[in-house]
Amino acid sequence: MTADPGETRPGTAGAGTAADLTAAPEGAAAVVPPELLAESLGQYLRAWWLRVRSGNSGVLPVVLAMAIVAVVFQIVTPEHAFLRPSNLVYIFGLSTVYMVLAMAETVVLLIAEVDLSVGAVALFGGVVAFKLVQQPGSAWPWWAAIIVALLVCGAAGAAQGTLTARLRIPSFIVTLGGFLLFSGILIVILGGADGFVNVSASVPNQRVIYYLVQGRIAPVVGWVALAVVVGVAGTVLWLRGAARRRQGLAAPPASLTVIRIALVALVGAAVVSICNVNRGTSLVTVEGVPWVIPIVLAVLGAWTLVLQRTRFGRYVYAIGGSPEAARRAGVSLAGIRTWAFALCAATAGLGGILLGSFFYGEYSTNTQDPGQLVLYSIAAAVIGGVSLFGGRGKPIHGVLGGLLIGGIAYGVSLLNLGNLATPLEYIVPGAVLLAAVLVDVLSRRGTGSGTRV
């Protein structure tokens, strides 16, 4: 049995502690995860600070950006109370679409490519699913419609990946063509520029799709589910660290594991508490965690498992870091790249289905601009911490970036600036995106990685 990449055994040539990093170049701290070097919480914090100073700041910038955005919009929109529970839950629902699309884009960015068709493919997948569940006399079950929509999107992504990986056509050109192609197909399926398709909560086989975003979990069930999630996550984290120690492998300090479990519990409790506040009126009660939150968490868990615990994930990072080194190591560059585009498109299809549910089960040519979707998805991934140059980033970065983009979009809509609202929805995320790319470029120069040409 071989050890995972990055694992070192104490006492071997590759082992070290956070204290050793003080005498090493700062770039070395950006290579090895601090939790694998630290033997105590203090050493972990010192190693983490070295990584931040070397440019690999992880989720710190996007977390700070979210705090700044929340404070600024709370101040400039006092009449709307940006941070009140009803607004926050709406932002959760809006952001989930950007989160899923950002996670989809992440896998392509990790191999140093880009998918400009992700927005159009997402809308195409959503319309396909909506059409299938409302076929007169032969309506599909909701689960079958979703599966078919994801498969169709995955096939479209695989076709684009094949053109990019095997024919060496730049992904920018291939996916730009895909964006135009699926944007046109979308209009044809909808029946023209003013066409639309919608599902209803009153029809049994359409109810689940309608409630993917609009549906809510009962408050008591939400608390029970949170307890289960925290219990399972805490058990997995603790047992994983204990197993590494028994095998003589470097493991995170026990105190760090406890802090991580506590953070999961605190964040989860805050989300459930906010969602359980009555957002309706004295006559109509609206409370509970939206279904879409556990759905996005499931997607996050699946992508985290694929990228960080499978051979495919290791190959993705290897190709993004150095394609030539990966090829010499026997990695099938064409195969991995094709699968990356296919999985990106399939995940985008799920985001498109969620988007239709967010708009109360209605799809139209005016529901969302596919160009805006792709811009927001790339921006969310990069702002969250995924590198445009490949090899660095995690699915959680796309989730945090999507939440930030959703918060900015909703905050700008609350400003009541009339004709200035729409331009600001592009200007503010664009400025944040440029800042994120600047940080990415400077951090790579600081660690000697450089940029790829």
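## A glycine after α10

Which residue just after α10 takes a positive phi of about 80°? That would be glycine 248. Keep in mind that everything here comes from a predicted model.

Helix α10 itself runs over residues 219-246. Its 28 residues reach 41 Å from the first C-alpha to the last, close to the 40 Å you'd expect at 1.5 Å a residue. Several of its residues are tucked away: Gly222, Leu226, Val230, Gly234, Gly241, Ala242 and Arg244 are buried.

## The overall picture

Stepping back, the protein chain has 18 helices and 4 strands. It is 453 residues long, and 48% of them count as buried. As for contacts between residues at least 6 apart in sequence, 73% join residues at least 24 apart.

Now for α11, which covers residues 254-275.

The buried residues of α11 are Leu256, Thr257, Gly268, Val272 and Cys275. They cover an arc of only 140° around the axis, so they sit on the same side of α11. As background, an α-helix has 3.6 residues a turn, so residues three or four places apart point the same way.

## The loop from α11 to β3

Two asparagines sit in the loop between α11 and β3: asparagine 276 and asparagine 278. Which of these is buried and which is partly exposed? Asparagine 276 has a relative accessible area of 14%, and because the cut-off for buried is under 20%, asparagine 276 counts as buried. Asparagine 278 comes in at 35%, so it counts as partly exposed.

Their contacts are worth a look too, leaving out residues up to four places away in sequence. Asparagine 276 touches Pro219, Trp223, Glu287, Gly288 and Val289. Asparagine 278 touches Val284, Thr285, Val286 and Glu287. Asparagine 278 and glycine 288 are 10 residues apart in sequence, and their C-alpha atoms are 8.1 Å apart in space.

Most residues other than glycine have a negative phi.

Alanine 112 is one of them, with a positive phi of about 65°. You'll find alanine 112 in the loop between α5 and α6; with a relative accessible area of 24%, it is partly exposed. The other is arginine 168, whose phi is positive at about 60°. Arginine 168 sits in the loop between α7 and α8, and at 69% relative accessibility it counts as exposed.

Where is serine 183? It lies in helix α8, residues 171-190. Serine 183 counts as buried, because its relative accessibility is 17%. Setting aside neighbours within four places in sequence, serine 183 is in contact with Ala120 and Pro370.

Proline 141 is in the loop between α6 (118-132) and α7 (142-165). With a relative accessible area of 36%, proline 141 is partly exposed.

How much space lies in the second largest pocket? About 380 Å³. Its lining is made of 14 residues, and those nearest the centre are Val89, Tyr90, Gln214, Arg279 and Tyr360. The elements giving two or more residues to the lining are α5 (85-110) and α9 (204-214), and α5 provides the largest share, with 4 residues.

Conventions. Residues are numbered from 1 along each chain as its sequence is written. This is a predicted model: local features need pLDDT of at least 70, side-chain atom pairs count only at pLDDT 80 or more; totals for chains, interfaces and linings use all residues. Side-chain values use heavy atoms; hydrogens and water are left out. On a 1 Å grid over the protein atoms alone, a cavity is a set of points where a 1.4 Å probe fits but cannot get out, and a pocket is an open set with protein on both sides within 12 Å along at least five of seven lines; lining residues have an atom within 4 Å of a point. Grid points are joined across faces, edges and corners, and a volume is the space filled by probe spheres set on the points. The expected span of a helix is 1.5 Å times one less than its number of residues. Buried means under 20% relative accessible area, exposed over 50%, partly exposed in between (1.4 Å probe, protein chains only). The arc is that of the directions from the helix axis to the C-beta atoms. Contact means heavy atoms within 4.5 Å.
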